[in-house]
Amino acid sequence: MDFQPFPLILLFPLLGVLANALLGRRLSLRASGGLASLMVFFSFLAAGHGFLTLRDLEPAPGQAPRLVITLWEWIASGDLRVDFSLLLDPLSSAMALIVTGVGFLIHVYSIGYMAHDRDYPRFFAYLNLFMLAMLLLVLGDNFLVLFVGWEGVGLCSYLLIGFWYDRMFTATMSTAQAGQKAFGVNRIGDFGFLIALFLIFTHFHSLRFDTVFAAALHHPASAAVMTAIGLLLLVGAAGKSAQIPLFVWLPDAMAGPTPVSALIHAATMVTAGVYMVARSHVLYALAPVALAAVAWIGALTALLAATIATQQNDIKKVLAYSTVSQLGTMFLGLGSAAFGAGIFHVLTHAFFKALLFLGAGSVIHALHEEQDIRKMGGLRRQLPITFATFLVATLAIAGFPGLSGFFSKDEILAAAFQAQPLLWGMGVLTAGLTSYYMFRLLFLTFFGASRLAPEKAAHLHESPRVMTLPLVALALLSIAGGWLGLPPVLGSHWLGGFLGPVFADLHHLEGGAHGGHLGHATEWMLMGVSTLVALGGFAVAWLRFLKPAALGDLFATPASAWQRLLADKYRIDELYDALVVRPLGRLAGFLWRWIDELLIDGLVNFSGLAVRVGGEVLRLLQTGYVQTYAFFMVLGVIVLLLRLLA
C-alpha cells in the first residue's frame, strides 16, 4: 500500500502539544507561539496535500474519492469490532482545510494578543490540543473515533474557557464556572449522542460510516428507529453547536481569551454538530421527521438568537449570539436537505466570524479590556486596519452581494424556500435582524463621537502587525470565499461539485432530498429579497445610530418591556436555573445529606460501632483473671442446675 501522508494532519498538532507542555517554560513567548503556529501550518500543508491527492483520485463508480488508513485495531469484543481508522474524503478534507487554515491565523494572532500573559506555554499547548481533537473528529472513519474527538473538543473548550480560572467573568460567575457550564451543558448532548450510537450498532452491527450507511440504504431499520437515531444525534449536535435548548453555554464561552472565542466560534467546537449531521446525511434522509426537526430547530434558534443580539452591549456578546444565530442558519440548510450548503456556510462563517472576533479582540486590546460598545465610538481613525477589516466582515455576515456570506446564506434560504416557505420567511427575517445588529455594533464602535474614558483614549493605538496581518488575510477570505459557490444563475458551484459525490446517495432516496432546481427568475427574486433585507437592516441601524434626528422621537422613549426582555436574553438562563439547576442542586443535596451521609455512611458507621461495642463487651469476659473465669463457671453451673430442677 502506498504511503499516505494525510495522518500527518494529526501528528503536527500533537507534536506542538508535547513541545509546549514539556519545554514551554524554557521558551520565549514568540518561540512558544511560533512553534504552535508552525505545527498548525504544517498540518494545513498536509491537509492541502490530501486535498490535491483526492482531486486526482479516480473513485469507484458512484462513490466519492476517499482514502482510509487503519492505524491499529482498537476494539474487538464479540460482535463489536472498531479500528482506529482515519478517512479523507471531500467532506473531511474541506473541514480539515477550514480548521487548520483559520486555526493557523488565530494561532499567529494569539502571539500578539497573549504578549502580556505569563502562562502562554499552557495556552498554546491547549490551542494545539484543541486543533488535534477537532481534526480527529473530522478525520475519524467511524462514529467511535468521531466521538473521541467530540469529547476532546469538549474537554479543550472547558480548559480554554476557564483559562483565566482566577478571574471573574461577570459579577456572579467566574471564568472557571463558565467553563464548567459549557462542560455540563454539553454532557446532556453527549448523552443523546451515545444513545444514538448504541441504537446504530444494535441495528446495523457496525459503527463504520460506510458500513452503517450501506446497511441503512439497503436494509433500513423501522421508521421509528430511524427517527429515534436522527433525533438523538440531533440532541448531540444541539449541544456542540449551541441550538435550542442547549445554546446557553456559548455566550458564556467568551469568558476565555478572545482568540479562544474565535477558535470555538469559527473553526472548531461549534462546527462539530454541523459536521456530524452532514456526515450522517443518509440516516437523516431515511428519517424525514428528524430531518424536519433539524430545520425547525435551526430556524427557531437563528431567529431567537438574532433578536437577543439586537439588544446586547458587550461587543463579544453580540458576536456570541450572532454565532448561535448563524449556526441555526446552518441547521436550517441541513434540515432542508441542502447538506452541501450547510458546509458552505461553515466555510464562509469561519472566515468572517473569526475576523469579527479577532477584530473585537483588537478593539479590546487597544482599549485595555473595555468591551461595552456604549463606551466606545469614533475608533475608525485610531484603528484603521481593525476598522477596515471589521467592516468587510460586517458586510459579509450581513449578506451584502459579492461577499462570502451572501452566497452561502442565499443558498440556504433558497433550499428552505423549496422545503417550506415558512422556514424561508423565518430565515429572511433573521437575515434582516443580522444586518441590523451588526451595523449597530459597527456604528457604535467605530463611528460617531468618542465616548471613551480619558485614560483609555490617551493610550489608544492600532494592534501590532502580528495581530493585524491575520485580520487582513481573513478579510480577503471573507471577500473571496463565497465565490467558491456561485448560484446556478451566476456561474458554477465549485464547492458543490467537490462535495457532491459525498451526498450523491441522497438522489437515490425517496424524499431524502428536495430535488429539482429553482428557475432563474425565482433565483433572482430570492437574491433580490435577500439584498433588500440586508439593505433594510443597514438603513434602520444607520438612521437610528448615525442620523437619529431624522427619526424624531421614535426611539427617544425609554426601553420598552420587550427590549428589556431581549437585553435579559428572554431570562432563559434564569428559567433553566429555576427549573433545572436549582431543583437538581436540591436533589443532589438531598442525596448527599440523607442517602449518602445518613443512610449509607450511617449503615457503614453503625457496622463499625456494633463491632466495636461487641468487642468491648467481649473484652470484659476476656480479663485474664482466674477468679473471673471461676465466677462465670460457677454462675453457669447454677444456671444449668436451675434449668434441670425447673
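Me: Which limits apply to the values?
Reply: In this predicted model, local features need pLDDT of at least 70, side-chain atom pairs count only at pLDDT 80 or more, and totals for chains, interfaces and linings use all residues. Residues are numbered from 1 along each chain as its sequence is written, and side-chain values use heavy atoms, with hydrogens and water left out.

Me: Why are H3 and H20 called roughly antiparallel?
Reply: Helix H3 (residues 90-113) and helix H20 (residues 465-480) pack at an angle of about 150°, their axes being 7 Å apart. Angles under 35 degrees count as roughly parallel, over 145 as roughly antiparallel, 65 to 115 as roughly perpendicular and the rest as oblique, and H3 and H20 are therefore roughly antiparallel.

Me: What makes the pair of Phe-406 and Phe-407 edge-to-face?
Reply: Rings of Phe, Tyr and Trp (its six-membered ring) pair if their centres lie within 6.5 Å, with planes under 30 degrees apart counted as stacked, over 60 as edge-to-face and the rest as tilted. For Phe-406 and Phe-407 the centres are 5.3 Å apart and the planes stand at 75°, which is edge-to-face.

Me: How do you know whether His-205 and Ala-337 are buried or exposed?
Reply: Buried means under 20% relative accessible area, exposed over 50%, and partly exposed in between (1.4 Å probe, protein chains only). His-205, at 55% relative accessibility, therefore counts as exposed, whereas Ala-337, at 13%, is buried.

Definitions and conventions:
Axes are lines fitted to C-alpha atoms, for helices over the stretch in contact, and angles run from 0 to 180 degrees between N-to-C directions. Helices (H or I, at least four residues) and strands (E, at least two) are DSSP runs, numbered from the N terminus.
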